[in-house]
Amino acid sequence: MVMPKMGESIMEGTILKWLKKVGDSIKQDEPVLEVATDKVDTEVPSLYAGVLKEILLPEGTVAAIGAVIAIIETEASVENTLVESKVETPEIANVTIEPKQETPVTQTVVANNAQDYTALPQFENRFYSPLVLNIARNEQIGMAELNTIPGTGKDDRVTKNDILAYLEAKKSGKINVPQVTKVEETPKVEKPVEVPSFAKQEVLIKPVQEDFAKSVKPATSLSGAVEIIEMDRMRKIIAQRMIESKATSAHVTSFVEADVTNLVFWRNRIKQEFLKREGDAITLTPIFIEALAKVLKDYPLLNSSIEGDKIIVKKDINIGLAVALPNGNLIVPVIKNADQLNLVGITKKVNELARKARENKLTADDVSDGTYTMSNVGSFGNVMGTPIILQPQIAIMAFGAVQKKPAVVETEFGDAIGIRHLMYLSHSYDHRIVDGSLGGTFVRKVADYLEKFDLNRKLW
């Protein structure tokens, strides 16, 4: 059983809990363990029916995608074992190694003008990411050799580019690895040496690194009038992601005020009928998502991401919805292809994802592939906010609380003062590729769509 792929950008997962014990029977598609990624916690089912023979990774460890985490004995493997036992073949489970008198031989091959990696400085007890360890395993680089590779990351860490550059130099002969072959005198064996019938795959894992915690200096002294609360795993991830976003994107925020009186009246008029016919409540959030989806089609640059010096414009419009969880944390499920759904479809999807988020039942697919994000800060009674961009996206919009205010209303008889429903829209965008003109125009167009909402709109 291997760590499954749980999203395009997810490279590793943390084993939270094993739901089965060694010796337990497992049905096909039955959950075997709980895994946490940087996006979501989820249960991992077994692809086969059988018996759990061995757990290779304990709870709390991090495994790369594709790493072997457990061994399951299936009926097919038992049948193969029985068939092989009937064939007369030499016994390999237990063999006796006869002593041999050999002279140790050491061969060292060093190319001219090549650098001997053993002469490089050693970086022991250094952290290696699962990605670097996977590359090292695939290229058959041992830890001794890995410890010689200079790193350009924090605390001399080896990045993906570092190890790829090392491999390229190694293949071209610029770095030479001594090839040592030794044949040593084998001591006399008094009893048979047990040779495993199969070799376990080496699983390269690393304990969860607390980079965020290490970056915060502990208080030197605390009085009895304080309470110390340990951050949970999700809060640590949120903290790390927010810091990374502010360090990556040049945040700028534009604000507009929108008159959504027609929208509020329309929603109040149809909400009871909608609940009766669809079995779901309709809020203002699905209408905000519909407005964003329509305007993103007119301004596709806001539906993009940055990779190096290239702008990747996305064709799919997948809008993330920031949802506050009961424990105070935050998660962003995604409404896929929002531009292809009608208002009824968006409403049902929003309610479904919000419900799954609060019940901790979101899957990795539910929170992946977002291209733009919105946050309804008005649900907390906030007038406006300055949201932080969810990487690798380049923009996010916050919708404030709808408030009744006196406002100037233009009529055919002149201007008048009326009570209107007003709200603020806050648009944060990455100034590396979105200038104030485009960022401001975009949020103004969203406000225009909401202000011109048709009071007589039909849903069915």
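Let's start with a strand pair. Strand 14, residues 304–307, and strand 15, residues 310–313, run antiparallel and are joined by 4 bridges. Keep in mind that this is a predicted model.

Which residue in strand 15 is the bridge partner of Ile306? It is Ile311. Now the turn. Strands 14 and 15 form a hairpin, with 2 residues between them. Gly308 sits in that turn, and its phi is positive, about 65°.

Asp309 and Lys310 meet through their side chains in a salt bridge. The N to O distance there is 3.8 Å. Buried or exposed, what is Asp309? Asp309 counts as exposed, at 72% relative accessibility. Lys310 is exposed too, with a relative accessible area of 55%. Both values clear the cut-off for exposed, which is over 50%.

On to salt bridges in general. Side chains of opposite charge can pair when their charged atoms come close. How many salt bridges does the structure hold? The count is 18. I'll take two more of them.

Next up, Glu257 and Lys405. These two form a salt bridge, and their closest N and O atoms are 3.5 Å apart. Why look at this pair? How accessible are the two ends? Glu257 is partly exposed, at 32% relative accessibility. Lys405 is also partly exposed, with a relative accessible area of 22%. Buried would mean under 20%, so Lys405 at 22% does not count as buried.

Now a pair between helices. The side chains of Lys348 and Glu278 meet in a salt bridge, at 3.6 Å from N to O. Lys348 is in helix 9, residues 343–358, and Glu278 is in helix 7, residues 261–278, so this pair ties together parts 70 residues apart in sequence. Lys348 is partly exposed, with a relative accessible area of 31%. Glu278 is partly exposed as well, at 21%.

Which residues are linked with Lys348 in a network of salt bridges? Glu278 and Asp280.

To recap. The hairpin of strands 14 and 15 has Gly308 in its turn. The Asp309 and Lys310 side chains meet in a salt bridge. Lys348 with Glu278 ties helix 9 to helix 7. And Glu278, Asp280 and Lys348 form a linked network. That's my part.

Key. Residues numbered from 1 in each chain as written. Predicted model: local features only at pLDDT ≥ 70, side-chain atom pairs only at ≥ 80, totals over all residues. Heavy atoms only, no water. Pairing = 2+ DSSP bridges. Salt bridge = Lys/Arg side-chain N within 4 Å of Asp/Glu carboxyl O. Buried < 20%, exposed > 50% of the residue type's maximum accessible area, 1.4 Å probe, protein only.
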